[in-house]
Amino acid sequence: MSTHTDSLAAAAADAVTAPLDLLLTDAALGTLRRMNPGGSGLRLAGALAVRPSLVASQGRQLLGEMARIAVGSSEIQPSRRDRRFTDPAWQGNPLLRRVLQTYLAAAQATEGLVAGAELDWADAERVGFALTNLVDALAPSNSPVLNPAAVKAVIDTGGGSAVAGLRHFVADMAAPPRVPSMVEPDAFEVGADLAVTPGAVVLRTPVFELIQYRPVTTTVRQVPLLIVPPTINKFYVIDLAPGRSMAEYLVGQGQQVFMISWRNPDARQAAWDFDTYGQAVLDAMDGAARITGSERTAVLGVCSGGIIAAMVAAHLALAGEQDKIAALTLMVTVLDQARAGLASAVLDERSARLAAAASRARGYLDGRALAEVFAWLRPNDLIWNYWVNNYLLGRKPPPFDILFWNADTTRMTAALHRDFLRLGVTNGLAQPGGVTMLGSPVDLSLVDRDSYLVAGITDHICPWESCYRSTQLLGGSKRFVLSTSGHIAAMVNPPGNEKARYQIAKDCPADPREWLQHAESYHGSWWPDYADWLAERCGEETAAPDELGGGSLAPLCDAPGTYVHDR
């Protein structure tokens with residue numbers, strides 16, 4: 001991969017998962033709903049109407065900059081990190097330079113008006129999202145007659161690039177999610193290129209398959225690790241290509257690793273809810289315990305899977321069975337939704353009701369709708385970058401494992417969709433008894449297991465401060481790890497990346513900024529730190545088993561199983 005492709009891939013990796021409540025609302029009601037700021041737009045207009053000096057000031061600055069652009073004396077330039085305008089023609093061609101500078105000046109003026117209007121937090125989030133998408137869409141780099149690379153491609157190929165681009169456009173718009181393809185559908189094969197860590201399915205229920213990975217060390221830790229992946233994507237983001245698979249890495253560290261692979265539900269499973277998935281976690285824990293002979297299981301939950309895992313831990317705590325959990329890990333998981341980014345700003349009871357009704361009518365939330373929402377969260381990286389590559393240049397998108405995983409969509413049952421929306425609206429996990437799991441009022445303070453919490457400092461989806469607030473909700477000893485990565489890259493963070501860094505502090509005060517001031521920075525991936533932390537809580541070493549399965553559970557088929565292939 002080139003440096004350019006690497007940067008785009010990294011940006012895309014950080015964007016493919018989204019604020020859960022926002023995803024689930026927009027996927028049901030349509031992304032265009034959020035493009036319209038509605039009442040927030042009216043309040044922006046009202047704020048500007050009572051600030052005529054602000055409008056006049058921004059207008060004078062824009063006119064002054066336009067005059068400098070016209071005579072060629074403007075010094076306005078795009079950011080060095082803005083890959084849209086790296087072609088030398090944007091600076092060398094006088095006309096293109098003026099077009100670019102006019103666009104940048106107008107964008108700055110728009111940002112100045114919104115900032116000066118002093119809207120409240122929620123209105124600023126709504127208006128900012130809509131205007132950012134509008135500004136990004138109007139970039140001259142998206143125009144086939146202004147983008148110099150596109151014009152050159154047409155000339156060099158005798159129009160072939162335009163024909164190929166039109167063919168790609170027609171193919172993408174023919175079926176949902178109707179956004180530019182980020183990866184070719186045959187770029188990878190699950191079970192051949194991805195999700196290839198050796199193992200077997202040792203338990204299958206209507207809800208999930210349980211994968212046991214084959215040990216590669218002579219000894220293993222007595223206590224098994226159960227991974228609870230997101231419920232809105234397939235599990236193999238934790239088992240990507242060799243060398244990038246966290247499951248593979250932990251097996252190599254002597255852990256007995258088990259993975260839940262959720263079934264891809266349809267309308268027949270519409271009634272599956274929080275309790276259904278919570279019981280599935282308990283069933284998977286029981287399966288791991290029967291096979292290993294351990295009375296305890298370490299649990300690792302990811303994103304929406306982390307929410308369910310935390311609720312199950314609280315249920316066990318209230319039932320007096322918390323000893324079944326040896327340790328709890330939550331990766332990029334927000335339990336306290338208060339001001340947790342854009343989702344908290346745009347989600348309200350009416351939107352949640354409408355979204356739940358839409359999925360209830362069908363019986364599920366379509367994964368392709370989720371894929372469309374994913375894309376519009378970072379339009380420059382996930383829409384317009386591929387618009388230029390696929391349509392204007394007529395090229396195929398480069399292969400990238402995370403984007404292939406993102407395109408391998410799943411459905412969400414109507415009842416689970418409803419429960420997640422209700423949880424977001426009420427912020428039920430932030431208060432004892434605000435939500436139930438398997439009949440138990442959830443009180444996260446009762447969870448006194450040692451916990452390992454991971455967030456990404458550049459995560460625009462689940463702000464690290466929101467992830468950090470879990471340290472104040474959970475009982476027990478907490479270790480909070482802040483990666484320099486974004487949302488997905490914080491998880492897919494294998495050793496060997498020279499640019500990787502992470503931060504850890506000894507204590508977890510209430511204020512995340514205070515934590516950050518005292519945190520120490522470490523070079524490299526956080527995976528080795530986690531492996532050491534986990535090993536200390538997973539018992540003594542014992543001889544690795546010769547065969548998979550055990551305790552009346554026998555291998556049913558090789559990993560990655562059958563559910564992962566469901567469409």
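**Briefing: contacts and fold of a predicted model**

Asp286 has a relative accessible area of 40% and is therefore partly exposed. The model is predicted. Its protein chain contains 23 helices and 17 strands. With a radius of gyration of 25 Å, against the 24 Å that the globule rule gives for 567 residues, the chain is as compact as a globular protein of that length.

**Overall form**

- Along the principal axes, the C-alpha atoms of the protein chain fill a box of roughly 80 × 55 × 50 Å.
- Of the 567 residues in the protein chain, 56% are buried.
- Arg60 and Ala200 are separated by 140 residues in sequence and by 68 Å in space, taken from C-alpha to C-alpha.
- Arg60 belongs to helix H5 (residues 52-71), and its relative accessible area of 58% makes it exposed.

**Salt bridges**

- A search of the whole structure gives 21 salt bridges.
- Asp286 pairs with Arg290 in one of these salt bridges, with 3.7 Å between the closest N and O atoms.
- Both Asp286 and Arg290 are in helix H12 (residues 274-292), where they stand four residues apart, about one turn of the helix.
- Arg479 and Asp529 form a salt bridge through their side chains, at 2.9 Å from N to O.
- This pair links distant parts of the chain, since Arg479 is in strand E13 (residues 478-483) and Asp529 is in helix H23 (residues 527-536), 50 residues apart.
- Arg479 is partly exposed at 27% relative accessibility, whereas Asp529 is buried at 16%.
- Arg268 has a relative accessible area of 66% and is exposed.

**Aromatic contacts**

- The structure holds 24 aromatic pairs.
- In the pair of Phe188 and Phe404, the ring centres are 5.5 Å apart and the planes meet at 65°, so the pair is edge-to-face.
- Phe188 and Phe404 link distant parts of the chain, being 216 residues apart. Phe188 is in the loop between helix H10 (160-173) and strand E1 (199-204), and Phe404 is in helix H18 (residues 401-407).
- Phe188 and Phe404 are both buried.
- Trp526 and Tyr530 also make an edge-to-face pair, because their planes stand at 65° with the ring centres 6.0 Å apart.
- Trp526 is buried at 0% relative accessibility, and Tyr530 is buried at 0% relative accessibility.
- One aromatic cluster is formed by Phe169, Trp384, Trp387 and Tyr391.
- Tyr364 has the charged end of Arg411 over its ring, 5.7 Å from the ring centre.

**Nonpolar surface**

- Phe169, named above in the aromatic cluster, also belongs to a nonpolar surface patch with Leu166 and Val170.
- Together, Leu166, Phe169 and Val170 have about 280 Å² of accessible area.
- Val170 is part of helix H10, and at 51% relative accessibility it counts as exposed.

**Backbone geometry**

- The peptide bond between Ala559 and Pro560 is cis, with omega about 10°.
- Pro560 is in the segment after strand E17 (557-558).
- Glu118 is not a glycine, yet its phi is positive, at about 55°.
- Glu118 sits in the loop between helix H7 (94-116) and helix H8 (121-137) and is exposed, with 61% relative accessibility.
- Ala195 is not a glycine either, and its phi is positive at about 55°.
- Ala195 is in the loop between H10 and E1 and is buried, with 2% relative accessibility.
- Phe188, of the edge-to-face pair with Phe404, is likewise in the loop between helix H10 and strand E1.

Technical notes. Residues numbered from 1 in each chain as written. Predicted model: local features only at pLDDT ≥ 70, side-chain atom pairs only at ≥ 80, totals over all residues. Heavy atoms only, no water. Phe/Tyr/Trp six-rings, centres within 6.5 Å; stacked < 30°, edge-to-face > 60°. Helix = DSSP H or I, 4+ residues; strand = E, 2+ residues; numbered from the N terminus. Buried < 20%, exposed > 50% of the residue type's maximum accessible area, 1.4 Å probe, protein only. Lys NZ or Arg CZ within 6 Å of the ring centre and 35° of its normal. Patch = residues over 30% accessible without salt bridge, like charges linked within 9 Å, V, L, I, M, F, W, Y side chains within 5 Å. Areas by Shrake-Rupley, 256 points an atom, 1.4 Å probe, with all protein chains shown as cover. Salt bridge = Lys/Arg side-chain N within 4 Å of Asp/Glu carboxyl O. Rg over C-alpha atoms; globule rule 2.2 N^0.38 Å.
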